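Thanks, everyone. Let me put the model up and walk you through a few places in it.

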Amino acid sequence: MMETGLGNDLDLAITLLEKGEVVAIPTETVYGLAANGLNDSAIQKIFTAKNRPLTNPLILHFPDIDAILQYVDEFPAELQKLTSELWPGPLTILLKKSKLVPDIITAGQDRVAVRIPSHPITLELLKKLNFPLAAPSANPYGMISPTKPQHVLQQLSGRISYILDGGECKKGLESTIIGVENGEIILYRFGSISVETIENITNQKVIVKNHSENIPVTSGMVKHHYAPSTPLYFIDEHKINIDKENDGFIFFKEDFLGVNHKIILSESGDLEEAAQRLYDSLHLMDHKNYRKILIDKFPNIGLGRSINDRLQRATSKFKE
Ligand code: TXA
Ligand code: MG
């Protein structure tokens, strides 16, 4: 066990990262667990801290597009308008990797996932480093992603050296992951940027890769993921067994059941607000020792699709 520091000391974060240590960093989506993306033993520490299988590749984070270019062998024209409009921001793209990218980053695949996050502290950090940062979400494998530094502390204390405090994440859901196959834009993971936004910018239909396929391209495609420890169910799939007095409830807009313990994610029905608060609400409810947590289904549009995708995976753990 090591002591886990929490603070906003950018120089300390730089020193630790340069020494090959793991540091949790704020991004606009969720907190990431960062290490020098060119240093195999530093990267290895991420997998160990998270208990993550080595078969699951990592995203590389960069300060700007110029910094990305030497690590990729191509940049399809279909993606250029998207990246110029959405970066820095919660879009991750898969590009053919150059030989500078260590195999441990891509789990041996020939494409590397890259993004430019928009959190000002992390952008400044990336500008000051002379290597990209490999960073998965800063949670133990399969559990709820952190959107506040306290979530990281609760889940990974003693396993990492430092948490760089950048406050609460503005988006609250992971980045959207896309790539190009045969000229078509493929979505591999729903996230903070909606399918509609991508289609509006590109004027192209986005193909959603079938998540029920057996071989996951991304862990977002693994069935069980993003799960709390307390059993989680959709309200509308669990009607017979609801305990209004003792269960914990998470509603989108309103409490239509009249329950005791509840969080309402957005009274105005704003999906962005709901997405931003989702993981924090799950973390909160998970610490209350309720017998179960019951949650709304969201409208299947915009970020509602991304929220439903996460909840589908989180609830599937408790279905068997
Ligand atoms: O918003 C985010 O994307 C956050 C912040 C920290 O940047 N990161 C994040 O990383 O969510 P992670 O590792 O929790 O999820 C990244 C997903 C994984 O499902 C991984 O399998 C997939 O991206 N991925 C990474 N590299 C890939 C590659 N080369 N090919 C296919 N999938 C890849
Ligand atoms: Mg993750």
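Start just after helix α8, where N203 takes a positive phi of about 60°. Helices here are DSSP runs of H or I, at least four residues, and strands are runs of E, at least two, numbered from the N terminus.

A word on ground rules. This is a predicted model: local features need pLDDT of at least 70, side-chain atom pairs count only at pLDDT 80 or more, and totals for chains, interfaces and linings use all residues. Residues are numbered from 1 along each chain as its sequence is written, chains are lettered from A and ligands numbered from 1 in the order in which they are written, and side-chain values use heavy atoms, with hydrogens and water left out.

Back to α8, residues 195–202. Its buried residues are V195, I198, E199, I201 and T202. Buried means under 20% relative accessible area, exposed over 50%, partly exposed in between, with a 1.4 Å probe and protein chains only. Seen down the helix axis, the buried residues of α8 fall within an arc of 165°, so they line one face. That arc is taken from the directions from the helix axis to the C-beta atoms. What covers them? The cover includes α4, β5, β9, β10, β11 and α10. Contact means heavy atoms within 4.5 Å.

L82 touches I198, I201 and T202 of this set, and its contacts also include W87, L91, I178 and I185, not counting residues up to four places away in sequence.

Now the sheet. It is open, with four strands in the order β12-β15-β13-β14 and parallel pairing. Two strands pair if DSSP finds at least two bridges between them. β12 and β14 stand at the edges with a single partner each, so one side of each has no neighbour in the sheet. Four bridges join β13 to β14. I250 stands opposite I263 in β14.

Which helices lie across these strands? Helix α9 lies across β12, β13, β14 and β15, at about 170° to β14. Helix α10 lies across β12 and β15, at about 125° to β12. Axes are lines fitted to C-alpha atoms, for helices over the stretch in contact, and angles run from 0 to 180 degrees between N-to-C directions.

Last stop: N139, in the loop between β7 and α7. Is N139 buried or exposed? It is buried, with a relative accessible area of 3%. Its contacts include K50, I144 and L156, not counting residues up to four places away in sequence.
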